Amino acid sequence: EYAEIDPDAMFKHYSDQTADMYGDLIRKDMDADIMNRMFNGMDNDMQGALINPMFTDMDDEDFAAMAGNVGADGMAFLNHRPEFDMDAKFNAMDQQYMADMMGNMGSDGMEFMGNMDGFDMDATMMGMDDQYMADMMGKFGQDEMAFLGDRPEFDMAGKMNGMDDKYMADT
């Protein structure tokens, strides 16, 4: 004889372990397709119970790697979750990881970040250390360079003209 299983009790009991398991997946292999498949089958309460422990406590390096892979759609999903403050996550992120993330995300992800209400992407990049800015820009293709060049809030010419010569060669 088996006892009847209460799904709510099971979920509450195992939600921390589930968050850890998904956290391992996120740190290694997360992209927009995996994120979509992982969360779309869950109801709103289940999504909320997992998202906060998975993403809020994630260190900058892992979050930057994940956000650089999920693109604008994945970031939009997280940004619209009430239990996760993506503005705060980006505002507190170390410059090194911010540069890694932005260098890997493409112009659609950068456009999403540039349109966030609580995060000033342009000011973040203007204040970025030359070394990290050079690393980020060295990963850019034509679309990303054009995107930045077209942003009136970001003085790309001024930033590049003021860049230390030893880092300028890296771009």
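Starting at the N terminus, the elements of this protein run α-α-α-α-α-α-α-α-α-α-α. That makes 11 helices and 0 strands, where helices (H or I, at least four residues) and strands (E, at least two) are DSSP runs numbered from the N terminus. Bear in mind that this is a predicted model, where local features need pLDDT of at least 70 and side-chain atom pairs count only at pLDDT 80 or more, while totals for chains, interfaces and linings use all residues. Residues are numbered from 1 along each chain as its sequence is written, and side-chain values use heavy atoms, with hydrogens and water left out.

**The overall picture**

Of the 171 residues in the protein, 42% are buried. Here, buried means under 20% relative accessible area, exposed means over 50%, and partly exposed is in between (1.4 Å probe, protein chains only). The accessible surface comes to about 9,500 Å², and 43% of that belongs to carbon and sulfur atoms. Those areas come from the Shrake-Rupley method with a 1.4 Å probe, and for residues only the protein chains shown count as cover.

As for contacts (heavy atoms within 4.5 Å), take those between residues at least 6 apart in sequence: 70% of them join residues at least 24 apart.

**The core**

The largest nonpolar core has 48 residues. A nonpolar core is a set of buried Ala, Val, Leu, Ile, Met, Phe, Trp, Tyr and Cys residues joined through side-chain atoms within 4.5 Å. Phe55, Phe63, Phe90, Met101 and Met113 have the most contacts inside this core, and helix H6 gives the most to it, with 9 residues. Take Met113 from that list: leaving aside neighbours within four places in sequence, Met113 is in contact with Met75, Phe90, Met98, Met101, Met102, Met105, Phe119 and Met121.

**How the helices pack**

Two packed helices are described by the angle between their axes and the distance between the axes. The axes are lines fitted to C-alpha atoms, for helices over the stretch in contact, and the angles run from 0 to 180 degrees between N-to-C directions.

| Helix pair | Angle between axes | Distance between axes |
|---|---|---|
| H2 and H3 | about 140° | 11 Å |
| H4 and H6 | about 10° | 8 Å |
| H6 and H9 | roughly 25° | within 8 Å |

Angles under 35 degrees count as roughly parallel, over 145 as roughly antiparallel, 65 to 115 as roughly perpendicular, and the rest as oblique. H4 and H6 are therefore roughly parallel to each other. On the H4 side, the residues making this contact include Ala64, Ala67, Gly68, Ala72 and Met75, and on the H6 side they include Tyr97, Met101, Met105, Gly109 and Met113.

With axes crossing at roughly 25°, H6 is roughly parallel to H9 too. In that pairing, Gly106, Ser107, Met110 and Glu111 of H6 meet Asp143, Glu144, Phe147 and Leu148 of H9.

Then there are H2 and H3, packed at about 140°, which makes H2 oblique to H3. Met35, Met38 and Phe39 in H2 meet Gln47, Ile51, Met54 and Phe55 in H3.

**Salt bridges**

How many salt bridges does a search of the whole structure find? It finds 4, a salt bridge being a side-chain nitrogen of Lys or Arg within 4 Å of a carboxyl oxygen of Asp or Glu.

One of them joins Asp100 and Lys139, with the closest N and O atoms 3.5 Å apart. This pair links distant parts of the chain, 39 residues apart: Asp100 sits in helix H6 and Lys139 in the loop between helices H8 and H9. Asp100 counts as partly exposed at 26% relative accessibility, and Lys139 as partly exposed at 39%.

Another is formed by the side chains of Asp122 and Arg151, at 2.7 Å from N to O. Asp122 is in helix H7 and Arg151 is in the loop between H9 and H10, 29 residues apart. Both Asp122 and Arg151 are buried, Arg151 with a relative accessible area of 11%. Arg151 also bridges to Glu153, at 3.7 Å between the closest N and O atoms, and Glu153 is partly exposed at 48% relative accessibility.

**A loop residue**

Asp57 lies in the loop between helices H3 and H4. Is Asp57 buried or exposed? At 64% relative accessibility, Asp57 counts as exposed. Setting aside neighbours within four places in sequence, Asp57 is in contact with Asn52 and Lys89. Asp57 and Lys89 are 32 residues apart in sequence, with their C-alpha atoms 9.6 Å apart in space.
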